[in-house]
Amino acid sequence: MEMPASTMKDFGHTAFDNKKAYVAQEEQGQAFFDDGREIELLHFIYGHPTIEEIRGSPEKVLEAIDEYGRTKKYLMNVGSDKGKIVSELVAEVKPQVMVELGGYIGYSALLFGNAVRKAGGKRYFSLERNPEFGAVIASLADLAGLSDVVKVVVGSSADSIKRLHASGDLEHIDLMFLDHYKPAYTTDLKLCEYLNLVTPGTVLAADNVIKPGNPPYLEYVRSNVEQKRKAAESEQSNGIDIKSQFGRNADQYKEREGEEKLNTEIKGNPNLMYESKLVNSFEPTGEPDGVEITRCIGLAE
């Protein structure tokens with residue numbers, strides 16, 4: 001089964017509006033998440049002068065999150081620029097089921113969950129390892145009136161994927177947004193391939209492929225079938241040097257969340273054919289970043 005290669009669209013946006021920039025991320029060595037700001041955000045929103053107007057409106061909840069990020073503290077959200085790229089992708093793909101790996105405080109769950117509902121979709125699974133962050137996502141999804149679409153699943157991404165698959169709640173992924181622990185992008189994709197959740201027709205959108213970057217993931221989705229087969233046979237692609245390849249992001253994650261154990265034994269399905277493209281954009285602070293959009297276009301014999 002193959003899909004035409006001409007389906008790739010350019011969702012890039014070339015200019016950043018500095019008026020909407022978040023405050024800068026903290027300097028190296030300082031915490032930039034999981035230091036109380038996530039709960040502080042909840043108090044900020046629920047104590048907002050316009051809270052009654054915010055209730056039931058995903059757009060207004062997102063505006064309140066952005067206001068906090070601009071005026072209070074940095075939040076590691078996808079932001080409106082990269083968010084627009086993925087929202088346009090949702091409108092095009094019209095997924096019945098969308099999965100995000102890494103929900104943080106729910107910005108992407110609200111933005112893309114609302115887009116999924118508008119496109120006629122049924123479910124947006126937000127997988128988040130941190131139970132406090134998961135509670136924030138659920139609270140804001142309820143506030144935004146999205147509880148009928150957004151389902152928060154707390155636990156490690158790999159365990160949650162396997163559990164949802166085993167229960168029958170997740171049988172196929174139409175669109176997946178990867179924005180969690182960077183070394184897990186590739187291993188979790190391979191797990192989804194192995195479980196037949198990712199098949200021809202599935203579309204992937206991976207955040208932060210420029211800042212902080214994710215060379216192993218980009219190598220995998222940009223490789224052809226022959227390259228992936230050879231790598232699987234030699235096990236070359238399964239070794240992940242977390243320290244050298246992911247640096248500060250991995251260190252901060254380990255300090256705040258504990259060490260994430262990656263399953264590097266699963267080979268995935270190297271016969272799946274991908275068409276992948278980087279769309280340049282910006283972090284909510286205005287720093288350059290990009291989203292890698294990958295389409296599964298076929299299955300090699």
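## Salt bridges

At 36% relative accessibility, D35 is partly exposed in this model, which is predicted. D35 forms a salt bridge with R37, and their closest N and O atoms are 2.8 Å apart. R37, by contrast, is buried, its relative accessible area being 1%.

E40 and K73 form another salt bridge, with 3.4 Å between the closest N and O atoms. E40 lies in helix α1 and K73 in the loop between α3 and α4, so the pair ties together parts that are 33 residues apart in sequence. E40 is partly exposed at 32% relative accessibility, and K73 is partly exposed at 28%.

Within helix α7 (residues 157-167), D159 and K162 are three residues apart, about one turn of the helix. Their closest N and O atoms are 3.9 Å apart in a salt bridge. A network of salt bridges links K82, D207, E283 and D289. The whole structure contains 16 salt bridges.

## The sheet

Seven strands, in the order β3-β2-β1-β4-β5-β7-β6, form an open sheet with mixed pairing. Because β3 (150-154) and β6 (272-282) each have a single partner strand, one side of each is left without a neighbour in the sheet. On average, neighbouring strands are turned by 15° against each other, direction ignored.

Strand β2 (residues 123-128) runs parallel to β3 and is joined to it by five bridges. E128 has V154 in β3 as its bridge partner.

## A helix contact

The axes of α8 (residues 184-194) and α10 (residues 215-222) come within 8 Å and cross at roughly 35°. Residues in the contact include Y185 and L189 of α8 and Y217 and V221 of α10. By class, the contact has six nonpolar, one polar and two charged residues.

How values were computed:
Residues numbered from 1 in each chain as written. Predicted model: local features only at pLDDT ≥ 70, side-chain atom pairs only at ≥ 80, totals over all residues. Heavy atoms only, no water. Pairing = 2+ DSSP bridges. Helix = DSSP H or I, 4+ residues; strand = E, 2+ residues; numbered from the N terminus. Axes fitted to C-alpha atoms, helices over the stretch in contact; angles between N-to-C directions. Contact = heavy atoms within 4.5 Å. Nonpolar A, V, L, I, M, F, W, Y, C, P; charged D, E, K, R; others polar. Salt bridge = Lys/Arg side-chain N within 4 Å of Asp/Glu carboxyl O. Buried < 20%, exposed > 50% of the residue type's maximum accessible area, 1.4 Å probe, protein only.
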